[in-house]
Amino acid sequence: MDKMDEPEFVLRTKGLTKRYKEQTALRDVDLSIRRGSIYGFIGQNGAGKSTLMKIVAGLASPTSGTVELFGKSGEEDVVRARARIGMTIESPALFPYMTAYENMEVRRRQKGIRDRTAIDRTLAIVGLQDAGRKLAREFSLGMKQRLDLAIALLGEPELLILDEPTNGLDPMSVVEMRDLLRRLNGESGMTVLISSHILSELHLLATHYGIIHRGRLLEQLTAQELGDKCRQHLHIKVDDPVRAAEVIARELGTTDFEAPEDGSIRLFRYAEEPIRVSSVLAAAGLGIERFNPTGESLESYFVRRIGGAAADE
Amino acid sequence: MNNLLSAEWYKLRKNGAYSLICSCIAVMSVLFLTVSYLSTPKIEGYRIGHTAVELYVNSLTLNSFLMKLYLGILAGFFISAEYAAGVLKRTVSVGQGRRQIYLSKLGMFSFGIVLASLIAPLITAAAGGVMSASGLLTGLGHPGNVPAAAYLLRTLGFTVLFAAALASVAAFIAVALADSGKTIGVALLFFLFIDQVLMALAQRYAIFEKVYDLSPFKLLAQTAEFHLNGGDWLTCLFAPMAAIVVFTLLGISVFQAKEIQ
């Protein structure tokens with residue numbers, strides 16, 4: 001299939017629900033991952049991240065709902081489409097009695113990759129070019145993680161699913177992992193679905209985000225949208241927001257603000273000069289009900305979002 | 001499917017437990033031959049008693065006992081261990097259906113068991129031939145009125161068929177329990193005592209008498225008999241085949257329903 005004919009979304013779920021005996025792990029999840037994106041999947045332990053990844057990878061079946069992979073949604077088609085994904089889910093999946101090379105060889109055979117040199121090339125990508133003859137059981141956790149990633153990368157998958165890939169890695173390895181994922185995404189357009197507890201890490205990597213809480217997908221947003229939401233700004237509530245917008249544009253010479261429907265104004269410029277802004281508004285005779293500088297990190301946004309969801313339940 | 005079989009074959013070759021099992025069977029066979037030879041009386045410098053055929057028949061009994069031991073061990077290390085190591089997760093997401101994945105795994109597991117099951121009979125047959133030719137045994141011997149070569153081929157053929165049947169049972173246990181320790185324990189108990197259990201049930205309930213008569217566990221011993229009539233032949237052919245079909249279908253249904261952790 002020509003690249004131009006490829007569907008825009010590599011993965012879409014519709015109404016995905018997974019129930020265990022007494023627990024609902026996923027509730028009606030509609031998730032969409034755009035081709036070429038790095039999708040950061042955020043949620044607490046037990047929020048449903050791994051369950052969703054397992055269903056996509058074919059390790060578990062949904063109670064209801066559908067999975068569409070690379071535009072295919074029929075059961076048999078989805079099974080076949082899984083040949084185009086690579087994944088590391090939870091702990092590294094290795095044969096401890098085999099060397100790194102032999103672990104890769106098993107995957108090469110499973111995927112029917114004819115080119116044996118692909119193994120050495122992929123080991124080199126993750127920095128294990130000199131460890132191919134070493135038994136996997138003798139690897140440190142960080143090396144196991146890297147080998148696990150190398151196996152997932154074998155055959156250049158179009159979608160890479162990584163569940164907590166930086167767990168147990170030292171800070172240097174975390175940076176290397178981030179650079180590697182960014183490079184793979186940039187050079188080959190590989191789409192990445194990644195979950196991590198380290199939100200600051202995701203913040204440096206992801207182009208899209210999905211926030212899941214207690215099995216519900218609360219929100220999906222782009223890095224740009226998240227950036228806007230988290231951006232430092234002045235949150236202003238006045239008695240006449242339309243006139244306030246005119247005053248800001250005229251007196252402060254900026255249109256870098258938003259006027260949401262709740263009657264407030266989010267002014268992104270002059271966030272460091274609140275006194276100047278309040279003076280301008282007061283001079284125009286506007287009644288100021290609320291005026292506070294605000295802005296948050298991904299962590300605080302996530303906490304607030306989850307807190308809001310918990311309050312709604 | 002070919003890709004999966006190729007990967008399973010590679011895994012079998014690299015599996016240390018399998019190499020150890022094969023080595024142990026070979027060592028046990030040589031020990032068995034040595035002990036059998038040395039235990040016969042010696043008269044005027046010549047050991048008398050055993051023929052090559054007798055040694056071979058005895059090796060079949062030893063072989064069926066060994067098979068009951070290593071079936072569970074290999075099922076534990078080759079199939080169930082993949083759950084614990086997590087590698088099954090990756091296999092399942094390779095782009096093939098669960099049925100194909102199970103069949104490839106069962107196919108290569110059965111192939112491994114079949115190869116292992118042939119070690120003892122082949123070593124004994126070869127050694128028996130050499131020993132009788134060099135005068136260490138009291139001749140080749142006669143399996144009743146059946147030609148020795150035909151008897152050898154028949155018993156080897158049945159060994160292959162019954163090994164595959166028992167392998168399908170062991171694979172089912174491995175997939176159902178999904179834990180190597182449990183698989184080894186349960187399979188050992190099952191294969192070692194299923195004869196006695198079925199026999200006890202057969203004595204109390206008539207229906208189990210038929211089940212026992214047709215079970216591969218009982219028929220395996222029968223295949224070593226010198227003379228088999230037409231009915232025995234058919235039973236010995238179809239009972240293991242039926243076991244293969246039933247336990248393969250059971251294994252597929254369990255594997256398809258199972259969530260891979």
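Before I start: I call two strands paired if DSSP finds at least two bridges between them, and my helices (H or I, at least four residues) and strands (E, at least two) are DSSP runs, numbered from the N terminus.

I note that this is a predicted model, where local features need pLDDT of at least 70, side-chain atom pairs count only at pLDDT 80 or more, and totals for chains, interfaces and linings use all residues. Residues are numbered from 1 along each chain as its sequence is written, chains are lettered from A and ligands numbered from 1 in the order in which they are written, and side-chain values use heavy atoms, with hydrogens and water left out.

**Entry 1: the whole chain.** I looked up the secondary structure of chain A and found 11 helices and 13 strands. Along the principal axes, its C-alpha atoms fill a box of roughly 75 × 40 × 40 Å. Of the 313 residues in chain A, 50% are buried (under 20% relative accessible area, 1.4 Å probe, protein chains only).

**Entry 2: a sheet.** I then turned to an open, antiparallel sheet of 4 strands in chain A, ordered 11-12-10-13. Strand 11 (257–258) and strand 13 (288–294) of chain A each have a single partner strand, so one side of each has no neighbour in the sheet.

**Entry 3: one pair up close.** I followed strand 10 (residues 233–238) of chain A, which pairs with strand 13 of chain A over 6 bridges. Here H235(A) stands opposite N292(A) of strand 13.

**Entry 4: a helix on the sheet.** I saw helix 9 (residues 241–252) of chain A packing on this sheet, touching strand 10, strand 11 and strand 12 (264–267) of chain A; touching means heavy atoms within 4.5 Å.

Note on methods. Axes fitted to C-alpha atoms, helices over the stretch in contact; angles between N-to-C directions.
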